[in-house]
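Have a look at the structure below, and keep it open while you read. The report walks through a few of its features.

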Protein chains: 2
Amino acid sequence: MDQYFKSYEELDVHRLMLNDTSRTLAYKNAILNYTDKFKDKIVIDVGAGTGILSIFCAQAGAKTVYAIEASELAKMCEEVIIENNLGNVIKVIHSKIEDLDSNVIQKADIIVSEWMGFYLVHEGMLESLLFARDNFLLEGGILFPSVAKLYASPCQLSSMFQFWDNICGVSMKCIGKHYRETKSMKPEIASINKDDILADSKLIAWLDLQSISLSEINTLGNEEYVCICNKEGILQGICIWFSVEFPDGSELSTGPLDKSTHWKQTIIVLPVDVKVEKDEPVAFNLELKKDISEERKYNIKLILLDATEVEHEIPCYCYMTKCIVTRKYLEEQSNDTTKD
Amino acid sequence: MDQYFKSYEELDVHRLMLNDTSRTLAYKNAILNYTDKFKDKIVIDVGAGTGILSIFCAQAGAKTVYAIEASELAKMCEEVIIENNLGNVIKVIHSKIEDLDSNVIQKADIIVSEWMGFYLVHEGMLESLLFARDNFLLEGGILFPSVAKLYASPCQLSSMFQFWDNICGVSMKCIGKHYRETKSMKPEIASINKDDILADSKLIAWLDLQSISLSEINTLGNEEYVCICNKEGILQGICIWFSVEFPDGSELSTGPLDKSTHWKQTIIVLPVDVKVEKDEPVAFNLELKKDISEERKYNIKLILLDATEVEHEIPCYCYMTKCIVTRKYLEEQSNDTTKD
């Protein structure tokens with residue numbers, strides 16, 4: 001556990017996160033657009049870091065904000081609060097939320113937290129958030145954000161592997177092969193060019209943070225997904241990303257079509273290329289499972305499936321005869337109904 | 001020592017270096033512009049890595065190239081050589097140059113090496129290069145590159161610290177202060193904006209690789225330098241960088257005015273700001289000293305000096321009365337001489 005807090009003490013990490021204005025402004029806007037809900041309320045900021053979200057809450061009119069920060073950064077958070085003259089509203093507490101005595105702080109009307117890790121759950125603080133919710137949120141209280149969603153989409157990785165084909169005139173395809181083997185062994189954090197997304201995304205997990213239980217986050221996904229390619233290309237990986245939604249209806253989304261964030265996207269790289277055509281179905285099972293031995297880690301399992309052997313949606317817009325026939329039948333039925 | 005080779009096995013590092021086309025093309029052009037020197041010659045490539053420099057040498061007409069690579073990458077180097085059909089010219093040898101038996105390879109006419117680390121000597125392979133020169137280079141043989149130079153210049157770091165003044169409306173100057181303390185404790189590798197260079201650079205070290213001895217590289221610099229600011233600004237660090245020169249006269253330079261490279265520049269960050277004016281002299285002592293306990297590491301010592309108390313060049317173009325007077329005197333003398 002020491003290791004975890006050590007890495008967060010590195011100021012460069014916080015500089016990177018604060019420099020991610022998509023992230024910071026999404027929270028700022030969601031909080032400041034919702035001042036009627038914050039006015040005179042008790043707020044807990046779980047994993048306050050440098051204290052920036054606590055400050056937004058205070059600016060939105062909160063009566064008291066408890067900025068809970070487990071790492072040594074708590075001292076710096078305290079300094080930031082003082083620098084912004086908010087010491088009367090924001091109380092910095094240097095503790096893990098799990099270690100906090102219930103009489104140290106009041107129960108809160110709102111819990112704010114930026115708990116998301118890479119591909120939502122990798123080294124994130126979701127468990128701490130749920131602990132805070134279960135122990136320190138008043139009945140009817142709200143979470144900021146309140147919903148998290150995980151998406152996946154087949155993609156190609158043109159720049160990642162073509163690189164080795166010609167380096168200043170020298171062919172290094174053999175290294176490209178080793179490089180790909182390495183890359184297919186663990187999730188790759190990278191920004192995917194939107195032109196390299198081959199199909200509309202599938203929703204892999206929808207977490208209602210207000211109600212989801214700890215046991216429900218042990219496994220995410222683990223279903224059969226069928227994506228229909230909207231162009232021809234080379235299937236080289238499954239790209240995953242997340243979004244979170246705030247109670248005011250606004251959203252922070254980290255997908256390949258969104259403004260870039262420090263989370264980028266995560267790619268599960270396939271060991272070999274698969275050529276795909278327009279309207280071709282790509283079927284896969286994707287599972288994120290909490291590691292038993294390593295807290296805050298998830299193992300990702302991706303299995304490409306034979307698209308002819310899995311259930312497609314009805315109607316499905318892929319090029320398979322079965323789906324075309326079903327689609328036509330449904331269209332005719334719908335036309336008949338319209339005629340009636 | 002194991003640690004060192006481990007890090008070089010990481011393919012991402014090699015991808016980064018190969019993707020640094022300033023670097024790769026500087027070698028390629030220097031070698032291929034000099035084919036008359038390479039034709040039918042014996043070449044040793046010290047620290048061959050992926051083998052790309054060995055391939056350029058073979059393309060330039062070398063009879064035999066010994067690609068010496070100590071890390072596990074030697075296997076991949078071998079594959080690259082075969083992929084490029086140069087197995088008859090290039091012999092990959094999986095060994096440290098220091099462990100190589102003198103009868104395993106012939107002495108060479110040319111030693112090629114990309115041995116430079118951050119600020120030239122940090123985790124570089126200069127010692128191995130000199131070992132190769134002393135043990136495996138024929139008399140009259142040449143080194144590629146043959147000269148290395150280290151430069152330093154006063155600079156400001158506007159983007160590095162201003163960042164904390166206003167983060168989405170929140171002031172974090174207190175963190176900026178801690179951040180700066182952290183940054184002033186070890187050399188910072190970063191790309192300096194050319195507008196942030198405050199004065200012409202000073203040559204800190206000039207290494208004639210053909211002749212320099214091992215003991216001469218124990219300490220670089222350690223003299224008093226006076227730079228004259230060519231603009232007003234805030235002195236926040238001393239920026240250092242290097243260039244290497246090839247026997248054909250071409251150069252690979254990694255300064256703030258050059259095309260960017262993966263070495264970027266290195267900044268010794270001052271703990272506090274110093275306002276400087278145009279024509280103001282900035283005096284400092286900069287020393288790079290080999291670490292006794294850690295091979296391939298150098299410790300950097302920077303001392304800012306009182307510019308009024310150190311010797312200035314003659315003539316010196318700074319604003320100090322002494323220098324103005326001297327300059328005027330010399331100009332008058334020169335005018336007198338012209339009249340004669």
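Predicted model: local features only at pLDDT ≥ 70, side-chain atom pairs only at ≥ 80, totals over all residues.

**How the two chains meet**

Let us begin with the overall arrangement. Chain A is superposed on chain B by a rotation of 180° with 0.0 Å of shift along its axis, at an RMSD of 0.0 Å. This is the relation of a two-fold axis. Both copies use the same surface, since 100% of the contact residues of chain A recur in chain B.

The contact draws on 35 residues from chain A and 35 residues from chain B. Between them the chains bury about 3100 Å², and 66% of that lies on carbon and sulfur atoms. Which three residues supply more of the area that chain A buries against chain B than any other three? They are Arg15(A), Glu83(A) and Cys168(A), which supply 20% of it.

**A helix covered from both chains**

Helix H9 of chain B spans residues 173–183, and its buried residues are Cys174(B), Ile175(B), Gly176(B), Tyr179(B), Arg180(B) and Lys183(B). As a reminder, an α-helix has 3.6 residues a turn, so residues three or four places apart point the same way. What covers the buried residues of H9(B)? From chain A, the cover includes helix H2 (11–19) and helix H6 (73–83). From chain B, the cover includes helix H8 (158–162) and the strands S7 (188–190), S10 (233–245) and S12 (265–276).

**Rings and charges**

Over all chains, a search of the whole structure finds 20 aromatic pairs.

| Pair | Centre to centre | Angle between planes |
|---|---|---|
| Phe163(A) and Trp164(A) | 5.1 Å | 85° |
| Tyr27(B) and Phe246(B) | 5.0 Å | 75° |

Phe163(A) and Trp164(A) are both buried. In chain B, Tyr27(B) belongs to helix H3 (residues 21–32) and Phe246(B) to the loop between S10 and strand S11 (251–253), so their pair ties together parts that are 219 residues apart in sequence. Tyr27(B) is buried, with a relative accessible area of 1%, and Phe246(B) counts as buried at 3%.

In chain A, one aromatic cluster is formed by Tyr27(A), Tyr34(A), Phe38(A), Phe144(A) and Phe246(A).

Rings also meet charges. The charged end of Arg180(A) sits over the ring of Phe161(A), 4.7 Å from the ring centre. In chain B, Lys149(B) lies over the face of Trp206(B), at 4.1 Å from the ring centre.

The cut-off for a disulfide is sulfur atoms within 2.5 Å. In chain B, the sulfur of Cys227(B) has its closest cysteine sulfur in Cys229(B), 7.8 Å away and too far for a bond. Cys229(A) is buried at 1% relative accessible area, and Cys227(B) is buried at 0%.

**A glutamate in H7**

To finish, turn to Glu127(B), found in helix H7 (residues 126–136) of chain B. Is Glu127(B) buried or partly exposed? At 29% relative accessibility, Glu127(B) counts as partly exposed. Not counting residues up to four places away in sequence, Glu127(B) touches Glu98(B), Leu214(B), Ile217(B) and Lys290(B). Val274(B) lies 147 residues from Glu127(B) along the chain, and the C-alpha atoms of the two are separated by 37 Å.

Key: Residues numbered from 1 in each chain as written. Chains lettered and ligands numbered in written order. Heavy atoms only, no water. Least-squares fit on C-alpha atoms with pLDDT ≥ 70 in both. Contact = heavy atoms within 4.5 Å. Buried < 20%, exposed > 50% of the residue type's maximum accessible area, 1.4 Å probe, protein only. Helix = DSSP H or I, 4+ residues; strand = E, 2+ residues; numbered from the N terminus. Phe/Tyr/Trp six-rings, centres within 6.5 Å; stacked < 30°, edge-to-face > 60°. Lys NZ or Arg CZ within 6 Å of the ring centre and 35° of its normal. Buried area = accessible area lost by both parts, 1.4 Å probe.
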